[in-house]
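Open your viewer and let's take a short walk through this model together. Each stop tells you what to select and what to look for there.

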Amino acid sequence: MSEPILEINHLTTSFRIKDEHYAAVDDVSLTVNKNELLAIVGESGCGKSALAFSIMRLHNRAKIEGEIKFKGQNITEFSTSQLNALRGKDMGMIFQDPLTALNPLMMIGDQIGEILLIHNKTLSANKRKGRVIELLNKVGIPRAEHVYNQFPHELSGGMRQRVVIAMAIANNPELLIADEPTTALDVTIQSQILDLMKELKEESHAGVILITHDLGVVAEMADRVAVMYAGQIVEIADVYTLFENPLHPYTRSLLNSVPTANEEQSKLHVIQGVVPSLQNLPREGCRFSARIPWISESAHEKNPVLHEVSPGHFVRCTCYKDFHFPDGKKEDKHHVIS
Amino acid sequence: MWKFTLRRIVTMIPQVLLLSIIVFVLAKMMPGDALTGMVDPNVDPNTIAEKREALGLNDPWYEQYTRWLGGVFQGDLGQSIHFKMPVSELVWQRIVNSFWLSAFTLVLTYLIAIPLGITSGRYNDSWADRLITGYTYVGFAMPIFIFALVMLWVFGFYLDLFPTGGSIQPGIEPGTFEYIMSKIYHMLLPALSMALITTVSTVQYLRSEIVDTKQKDFILTARAKGASETRVYNRHILRNSLLPIAAFLGYEITGLIGGSIFIENIFSYPGMGQLFLSSISLRDYSVVTSLVLLFGMLTIIGGLLSDIILSLVDPRIRIK
């Protein structure tokens, strides 16, 4: 039933800083199936975007090790022209900030038309325009004919994000990567955009990777969730399991830092410290240990690996077994309502 | 658009008037006048005083000014004392020469700046970029009159490849092909000398624009569309980077005026710059004031031109 579109095996993306390589994405393995939405969550600086950019191979000067298999082909070995044939056609990407993601000097119609033109040189100008208008209508832009001849600065943020989405889905990609598509938008527009993405996914049966740090979005949208911390996946499970039975201390801490409406709680949990910067990543041991100092050293593994605790549910490190919140704080129960 | 241009032109009027007052008063404040040094020292001082009175040189400055301004409006810029001909006629000859020299310089400036700026910006921090930025630093540091002298000596005298003065070979029928070629031949060395120096700011500007645009988010969008590197550059990076350069054109004209004063003198090129300097040393004030007024107006027009170009090429600044 589940047909993998994307298979990532032991992907490591590292950047050179002063003659040394630092891995922003460290040994990540995951799969995305057709018609599945995989959410990747984590704080800022956890390597979520670096992972997305690695899949599209958009990094300029990064060293990529491991395997990225797209429809069975290992695209890490692809040449630039092979990649260009893939980007925008089989893989679409939605960017974080719609205000800067569009070329300020090109009309909306031309920008969407460009992606059609690049991948289908034979399409006549008239048909192309028709298709662009069709796309604009599809993403819910009113007066598409008029917007076609407008420039990005004449549209609102939400409208621009719709344009970015129209561009990403123009060639019916089989894999859609959305890098925090709603972060730059206000809440009402956020939900509209998410509804639109959901609709489009159901229509196209594409595999979707949704990168976010908003757990509410995850609960609403995702089929499976991968939690990333400091470049590694620390927990991966289907959305129900993850919310009902989160195991890794990081996942539990994240969930506990979200306010809930139905339970009374005096204070929200705060995760101590910050994500270590790329150059200060601990080279061995559990990377999260520094932020849960009340858990004893012996609870952690020396070289944490992913353990399959139940089918499809992986957790890194053994520290989850001994984890508790400080001061005997009660843990919230989160439920995915769908 | 037209409304905007018209409004800009209307606001130019007080600017030009103020300029004309300053120019006129400054000229009046200079020591000596049209009669100083022009008259035989044996002439009776009373006759000179009479003459001065008759020419209205003893009137208050504002009266002289209004008289002069009235003349300017009728195209009468006065009489050149040295050349013994109307200033307007004198200036007109020179304007044509200066115009072609400036236009030629401008073309050369962009012919040099655009490829160098693009190479430098696209392959930044490569050896080619270092070479080009090295050249721009030398260009910034080198005064134009020194560089022009070196060029004149090397190509004009030592290698004897170009004429060292004038704007045309004598004895050629105007309007013939030969005439045009001779004009270009005479312009080439001065124009090139000026262009090689004035282009460096445009090279650096273009380079930093490209380096800047390269890192913009919409370039990532273009790459994610599957656009080839050539397409990314031609359609997205270059257009966005050339925009401010195009708008800079108007100000470039202003810079040319300053440069042409040196260049025309060094190459004995009969243009406005040369006329300007020689008129100052000859105390030919009617010519000087006319030229300063003209240069000032060109500067104001250059600024206007930049605004208009920018609003034409950048949809974000489109004026309704």
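A word before the first stop: helix axes here are lines fitted to C-alpha atoms over the stretch in contact, and angles run from 0 to 180 degrees between N-to-C directions. Keep in mind, too, that this is a predicted model.

**Stop 1: two helices of chain B.** Select residues 87-122 of chain B, which form helix H4, and residues 177-214, which form helix H7. Their axes lie 5 Å apart, at an angle of about 35 degrees. Turn the view to follow the crossing: H4(B) passes H7(B) in a right-handed sense. Colour the contact by residue class and you will find 20 nonpolar, eight polar and three charged residues.

**Stop 2: chain A as a whole.** Now show chain A, with its ten helices and twelve strands. Its radius of gyration is 21 Å, close to the 20 Å from the globule rule for 338 residues, so chain A is as compact as a globular protein of that length. The C-alpha trace spans about 70 × 50 × 45 Å along its principal axes. Of the 338 residues, 45% count as buried.

**Stop 3: helix H6 of chain A.** Select residues 157-168 of chain A. How many residues of H6(A) are buried? Eleven of the twelve are, among them A:Arg160, A:Val164 and A:Met167.

How values were computed
Residues numbered from 1 in each chain as written. Chains lettered and ligands numbered in written order. Predicted model: local features only at pLDDT ≥ 70, side-chain atom pairs only at ≥ 80, totals over all residues. Helix = DSSP H or I, 4+ residues; strand = E, 2+ residues; numbered from the N terminus. Rg over C-alpha atoms; globule rule 2.2 N^0.38 Å. Buried ≥ 20, exposed ≤ 12 C-beta atoms within 10 Å, placed from the backbone. Expected span 1.5 Å × (residues − 1). Left-handed = near helix turned anticlockwise from the far one by under 90°. Nonpolar A, V, L, I, M, F, W, Y, C, P; charged D, E, K, R; others polar.
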